[in-house]
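This briefing is an introduction for a reader who is meeting the protein for the first time. Please look through the sequence and the model before going on to the notes.

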Amino acid sequence: MEVVEVLHMNGGIGDSSYANNSLVQQKVISITKPITEQAITKLYCSTFPDNLRIADLGCSSGPNTFLVVSELIRTVNKICKKMGRNESPEFQVYFNDLPGNDFNNIFRLLPRLQENLKKQMGAGFGPCFFAGVPGSFYERLFATNSVHFIHSSYSLQWLSKVPELVETNKGNIYMASTSPPSVLKAYYEQFQRDFSQFLEYRAQEMVSGGRMVLTFLGRKSEDPTSKECCYIWELMAMVLNEMVLEGLIEEEKLDAFNIPQYTPSPAEVKFEVQKEGSFSIDRIDVSKVNWNAYVDNEYDPSDVFKERGYNVAKCMRAVTEPLLVNQFGEGIIDKVFRRYKVIVANCMAQEETNFYNVTVSMTKNE
């Protein structure tokens, strides 16, 4: 499986689209907003660039795509007004994701975003320029010393490739307590290579003193097989193994299927940043959000009472369907997620279930 060609969220605005099933990601952006605002404030107040260049890596497509960028622009505009500056800087914003992302949907919505920003910011608001940048963030994306601020949320846990395994990860599709030690080692080493490469390329692209805020789907524990990060995949593996027993999926295809993801701990993120050496960590935080984004939902309280498992299954389908279709074919997808919904609901009825997020804010060294 070529991850660059296959990995993307479900496009469009349909029932299974990422655009309509990304409330968890929206909540994570809201939780980490103070960290992002602090970083952009320190950047702007220390450099005052005439042209502020911002990149959002792994932007996907949907309501969350513009959420962070809009807040960053608003924050800078407020600073300018507070300081009595008559004009805000020009803004150059880059939206990056893999080529399979639904960039057309982003471009369709851009005129509305620009109009809203002009109305909200008022007189003295500098022009905004937007560009799509398709490509892997494990490669070079921008010109040398050209970017001031980089943001990425819920993207860097995705690896550039499925780890090369020397043993079969039998019965599993991700790291699990029953995975051979060599599988855990292969996953961790792939994360190390990828994240180190990511940091090296961003260091080349960012100006001195540039800031970066990255949020990973991660874990608190140092155990890579902890339920904090692996449980949601273990439940998916249960469904797929059931379907193997029923002859709906070929066992060989399941044995060859592994999710290209690594959910790091804060210590692992910190170690790689310090080892690569181009950035200084300003802060690193861990937060959590319930699997069911409609719990304590500030957006639509009536949705709290929706069927257990339904929203989680839809969220996971929006994220994983392209990977599953590539490996098993389109014909099984509805069956997979009908079963997955039931298993997830049973699990959520018995215990607390959360996603854990690792957020690191850093500055490029002079």
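The protein contains ten helices and seven strands, and the model shown here is a predicted one.

**The protein as a whole**

- The protein has 366 residues, and 58% of these count as buried.
- When contacts between residues at least 6 apart in sequence are considered, 84% of them join residues that are at least 24 apart.
- The accessible surface amounts to about 15500 Å², and carbon and sulfur atoms account for 49% of that surface.

**The largest pocket**

- Rolling a probe the size of a water molecule over the atoms shows where empty space is left.
- The largest pocket holds about 260 Å³ of space, and the elements that contribute two or more residues to its lining are α3 (67-82) and α4 (103-121).
- Of the elements, α4 gives the most to this lining, with six residues.
- The residues that line the largest pocket include Gly62, Pro63, Phe66, Leu67, Ser70 and Arg74, and also among them are Leu109, Arg112, Leu113, Asn116, Leu117 and Gln120.

- Serine 361 is part of strand β7, which covers residues 354-364.
- Serine 361 counts as buried because its relative accessibility is 2%, where the cut-off for buried is under 20%.
- If neighbours within four places in sequence are left aside, serine 361 is in contact with Ile35, Ala39, Met212 and Val213, among others, and its contacts also include the run of Ser280, Ile281, Asp282 and Arg283.

**Cysteines and disulfides**

- A disulfide is a covalent bond between the sulfur atoms of two cysteines.
- The structure holds zero disulfides, and cysteine 80 accordingly is in none, the nearest cysteine sulfur being that of cysteine 45, at 8.7 Å.
- For a disulfide to be counted, the two sulfur atoms must lie within 2.5 Å.
- Cysteine 80 has a relative accessible area of 1% and is therefore buried.
- Cysteine 128 also counts as buried, because its relative accessibility is 12%, and the cut-off is under 20%.

Methods: Residues numbered from 1 in each chain as written. Predicted model: local features only at pLDDT ≥ 70, side-chain atom pairs only at ≥ 80, totals over all residues. Heavy atoms only, no water. 1 Å grid on protein atoms, 1.4 Å probe; cavity = no way out; pocket = protein on both sides within 12 Å on 5 of 7 lines; lining within 4 Å. Points joined across faces, edges and corners; volume = space filled by probe spheres on them. Helix = DSSP H or I, 4+ residues; strand = E, 2+ residues; numbered from the N terminus. Buried < 20%, exposed > 50% of the residue type's maximum accessible area, 1.4 Å probe, protein only. Contact = heavy atoms within 4.5 Å. Areas by Shrake-Rupley, 256 points an atom, 1.4 Å probe, with all protein chains shown as cover.
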